[in-house]
Amino acid sequence: MFGLIQQDDILALESTKKLVEDIPSDDATEITSFGQLVAEVDKVFATCPTWDEKQAQILDLLHLTRLSDEEVEKYVDWGGSQPYTRNLVASDGTNYNLLVLCWKAGCESRIHNHPCQGCFVLGLSGQVVETRYTVHAETDEIREVGQTVVSGGDVTYINDNVGLHKIGSASTTRGAVSLHLYTPPFSSCKVWAQSGAGELENFQMAKMEFTDHRGKWRRAPPRLAAAAALDRPWTSA
């Protein structure tokens, strides 16, 4: 699921903004650790009865998240020769997967969908660029509609009703780190090599993989619960 950004440097890109701007109130408590964030996410799924409430609460939590470099480093793994890595922070095995993605300079994912209710993205360090696409079945077309530069603290959200996207480092000289929450977990998705007319059915299925907390690269089973660094046991159902 990767390619290379061709531009020499797109840090100054004039982006089509799709950042989520719904900022919580000033008196809300900042979230400063992964353990605190996971506990709050667990609470959302345990107490919010509707998807609209869950979505709003998760967006609020991500806007409140302020992780130090030391905290982020717990899940940073640049993966040797791999262009980017997906590093598991936590999963309850049913409702969500939370991962830290490390993007090497100039590297990006392929265009892909999200066979779930949604993908939330929080910028942690550096800058990533998100390119979005709409789907046009009548012409079998994937059409690029804009790009957004996501910096530290910025939050985005996408699902298949919104469209497709790809994400990568916004610079050819500096990597970037982002936090992704997928709900519910999924083990594979559709990927495309390029956009354009006649490309919609020209997809492949890609398995979701990640590095676990012990540095082991593994395929992502759909019902894996994890995060020993958060003092939570490994279980599988």
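**View 1. Gly152 is partly exposed, with a relative accessible area of 46%.** Partly exposed sits between two cut-offs: buried means under 20% relative accessible area and exposed means over 50%, worked out with a 1.4 Å probe on protein chains only. You'll find Gly152 in the loop between strand E8 (141-150) and strand E9 (155-158). Strands here are DSSP runs of E with at least two residues, helices are runs of H or I with at least four residues, and both are numbered from the N terminus. Leaving out residues up to four places away in sequence, Gly152 touches Gly123, Leu124 and Gly126, where a contact means heavy atoms within 4.5 Å. Now look for Arg66: Gly152 and Arg66 are 86 residues apart in sequence, yet their C-alpha atoms are 9.1 Å apart in space.

A quick word on what you're looking at: this is a predicted model, in which local features need pLDDT of at least 70 and side-chain atom pairs count only at pLDDT 80 or more, while totals for chains, interfaces and linings use all residues. Residues are numbered from 1 along each chain as its sequence is written, and side-chain values use heavy atoms, with hydrogens and water left out.

**View 2. The whole chain, before we zoom back in.** The chain has three helices and 17 strands. Buried residues make up 50% of its 237 residues. Take the contacts between residues at least 6 apart in sequence: 74% of them join residues at least 24 apart.

**View 3. Helices H1 (residues 34-47) and H2 (residues 51-64) have axes that come within 10 Å and cross at roughly 165°.** Those axes are lines fitted to C-alpha atoms over the stretch in contact, with angles running from 0 to 180 degrees between N-to-C directions. H1 and H2 are therefore roughly antiparallel to each other, the label for angles over 145 degrees. Which residues make the contact? From H1 come Leu37, Glu40, Val41, Val44 and Phe45, and from H2 come Lys54, Gln57, Ile58 and Leu61. Sorted by class, that's six nonpolar, one polar and two charged residues. Helix H1 also holds Gly35, which counts as partly exposed at 31% relative accessibility. Gly35 and Glu71 are 36 residues apart in sequence and 10.0 Å apart in space, C-alpha to C-alpha.

**View 4. Strand E3 (residues 97-103) is mostly covered, with seven of its seven residues buried.** In a regular strand the side chains alternate between the two faces of the sheet. On one side of E3 you have Asn97, Leu99, Leu101 and Trp103, on the other Leu98, Val100 and Cys102, and all are buried. Strand E2 (residues 84-92) runs antiparallel to E3, joined by seven bridges; two strands count as paired if DSSP finds at least two bridges between them. Tyr84 stands opposite Trp103 in E3. E2 and E3 form a hairpin with four residues between them, and Gly93 in the turn has a positive phi of about 80°. E3 is also joined to strand E11 (residues 176-183), again antiparallel, by seven bridges. In that pairing, Leu99 stands opposite His180 in E11.

**View 5. Strand E10 (residues 164-169) is largely enclosed by the rest of the structure, because six of its six residues are buried.** Strand E7 (residues 128-136) pairs with E10 in the antiparallel sense over six bridges.

Key
Angles under 35 degrees count as roughly parallel, over 145 as roughly antiparallel, 65 to 115 as roughly perpendicular and the rest as oblique. Ala, Val, Leu, Ile, Met, Phe, Trp, Tyr, Cys and Pro count as nonpolar, Asp, Glu, Lys and Arg as charged, and the others, Gly among them, as polar.
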